[in-house]
Amino acid sequence: MPRYGFYDRLTEQFPSQVIVDITEVCNLKCVHCPHPSFKLSEHYAGRFLAPELNEKLVDEVGSDGLGLCQYIRYTSNGEPLMHPHAHEMIQYAVENSNTFVTLTTNGTILNEKKMELLLASGLHMIDISIDAFTSDVYQKVRGGRLEQVDRNVRRLIERIRLTGSKTKVVVSFIRQPLNELETDDFLRYWNDQGVDQVLIRNLHSAAGMLNGPDSGTQSNRRPCLYPWERVTLDPKGRLAFCPTDWGYASAFADFSDTTLKAAWQGEFMQTLRKAHLENDYKCHGFCAQCPDWKLTQWPDTGRSYANLVEDLKVV
């Protein structure tokens, strides 16, 4: 019987994962991503996270989260490297957070200068989302040029080899109807290139924004992992409980007015966890309509992104 609650890496004192969503701006139009419709919605404003809020977050992870936070993940409802201060923000995190720091990027603008800055920062892991093995499928899935990304990633691997950098490289693939026949070729190719890990992900619905399975009847639901595992700082400067939210519906606190520790331990998050444990979402409509709880893995039910990070920490 799975356990639900705080145990293993999940602690009530501080989130084990902190996600920094630094920009809404993106340069691709992926079919599995809500960004194209998000960009046309009233929620989009081309925002960039204020660097001073990043510093506040990092400082809190380095103090209140010491020994509790597994990693900070720089990612976005956009492309993180579009942020004009991305590498400075990442470098500040590496130098001051006392934890593992990762970047998720589409790799399209990972040019020589950006590689140099990121590797010089001491960034611990770069996760490049690729999602295709052939150029034709890449263009259909992500709307860009695979040759460009392939070249950038291979250059990154070579630069790491030549410089002795300890930065780990992960490439990822979201399995979906357009690319599922390429899964094995993708795995084989990138393992041959010498990446540290090839990650095959399952397609989710972005908290119901994309077409996906029904959320299920109330009777067969189990608690989603996220309220016990992670918190997100969004480009507006608000803390949110769901990393797949594209409409700011899961934002619950202004980070300028609170701390990660206080928000994590506060009344709102306690009430949200109680709703998940009791399977009662009458006051939490965002969670009620989301089918993606099915894809979250509790520590004793399967492997997750957190396990990948832990593996790479010891390599």
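Which residues does Tyr-44 touch, not counting residues up to four places away in sequence? The points below start there.

1. **Basis.** This is a predicted model, where local features need pLDDT of at least 70, side-chain atom pairs count only at pLDDT 80 or more, and totals for chains, interfaces and linings use all residues. Residues are numbered from 1 along each chain as its sequence is written, and side-chain values use heavy atoms, with hydrogens and water left out.

2. **Tyr-44.** The residues touched by Tyr-44 are Glu-24, Val-25, His-35, Phe-38 and Lys-39, leaving out those up to four places away in sequence. Contact here means heavy atoms within 4.5 Å. Tyr-44 sits in the loop between α1 (35-39) and α2 (51-63). Helices (H or I, at least four residues) and strands (E, at least two) are DSSP runs, numbered from the N terminus. Between Tyr-44 and Val-169 there are 125 residues of sequence separation and 31 Å of space, C-alpha to C-alpha.

3. **Leu-118.** This residue belongs to helix α4 (residues 112-121). Leu-118 has a relative accessible area of 2%, so it is buried. The cut-offs are as follows: buried is under 20% relative accessible area, exposed is over 50%, and partly exposed is in between (1.4 Å probe, protein chains only). Neighbours within four places in sequence aside, Leu-118 has contacts with Leu-81, His-87, Ile-90, Leu-103, Leu-110, Leu-123 and Ile-126. Gly-266 is 148 residues from Leu-118 in sequence and 35 Å from it in space, C-alpha to C-alpha.

4. Cys-33 is in none; its nearest cysteine sulfur belongs to Cys-30, 5.8 Å away. Cys-33 is partly exposed at 22% relative accessible area. Cys-69 is in no disulfide either, and the nearest cysteine sulfur, on Cys-242, is 18 Å away. Cys-69 has 6% relative accessibility, so it counts as buried.

5. **Aromatic pairs.** The whole structure gives 12 aromatic pairs. Rings of Phe, Tyr and Trp (its six-membered ring) pair if their centres lie within 6.5 Å; planes under 30 degrees apart count as stacked, over 60 as edge-to-face and the rest as tilted. Why is the pair of Phe-133 and Tyr-189 edge-to-face? The ring centres of Phe-133 and Tyr-189 are 6.0 Å apart and their planes are at 70°, so the pair falls in that class. This pair links distant parts of the chain, 56 residues apart: Phe-133 lies in the loop between β4 (125-129) and α5 (135-142), and Tyr-189 in helix α7 (residues 183-193). Phe-133 is partly exposed at 31%, and Tyr-189 is partly exposed at 24%. Tyr-189 also pairs with Trp-190: the centres are 4.9 Å apart and the planes at 80°, so this pair is edge-to-face. Trp-190 is buried, at 2% relative accessible area. Elsewhere, ring pairs join Phe-241, Phe-252, Phe-268 and Phe-286 into a cluster.

6. **Charges over rings.** The charged end of Arg-221 sits over the ring of Tyr-281, at 4.4 Å from the ring centre. The charged end of Lys-236 sits over the ring of Tyr-248, at 4.3 Å from the centre. The test is NZ of Lys or CZ of Arg within 6 Å of the ring centre and within 35 degrees of the ring normal.

7. **Cavity.** The structure has one cavity of 30 Å³ or more. The largest cavity holds about 110 Å³ of space. Its lining has 13 residues, and the closest to its centre are Cys-224, Tyr-226, Cys-242, Cys-287 and Cys-290. The elements that give two or more residues to this lining are α8 (226-229) and α11 (285-288). On a 1 Å grid over the protein atoms alone, a cavity is a set of points where a 1.4 Å probe fits but cannot get out, and lining residues have an atom within 4 Å of a point. Grid points are joined across faces, edges and corners, and volume is the space filled by probe spheres set on the points.

8. **Positive phi.** Most residues other than glycine have a negative phi. Asp-131 is not a glycine, yet its phi is positive, about 70°. Asp-131 lies in the loop between β4 and α5, and it is buried at 0% relative accessible area. Asn-279, also not a glycine, has a positive phi of about 60°. Asn-279 lies in the loop between α10 (267-278) and α11, and it is partly exposed at 21% relative accessibility.

Key. A disulfide is a pair of cysteine sulfur atoms within 2.5 Å. On a 1 Å grid over the protein atoms alone, a cavity is a set of points where a 1.4 Å probe fits but cannot get out, and a pocket is an open set with protein on both sides within 12 Å along at least five of seven lines; lining residues have an atom within 4 Å of a point.
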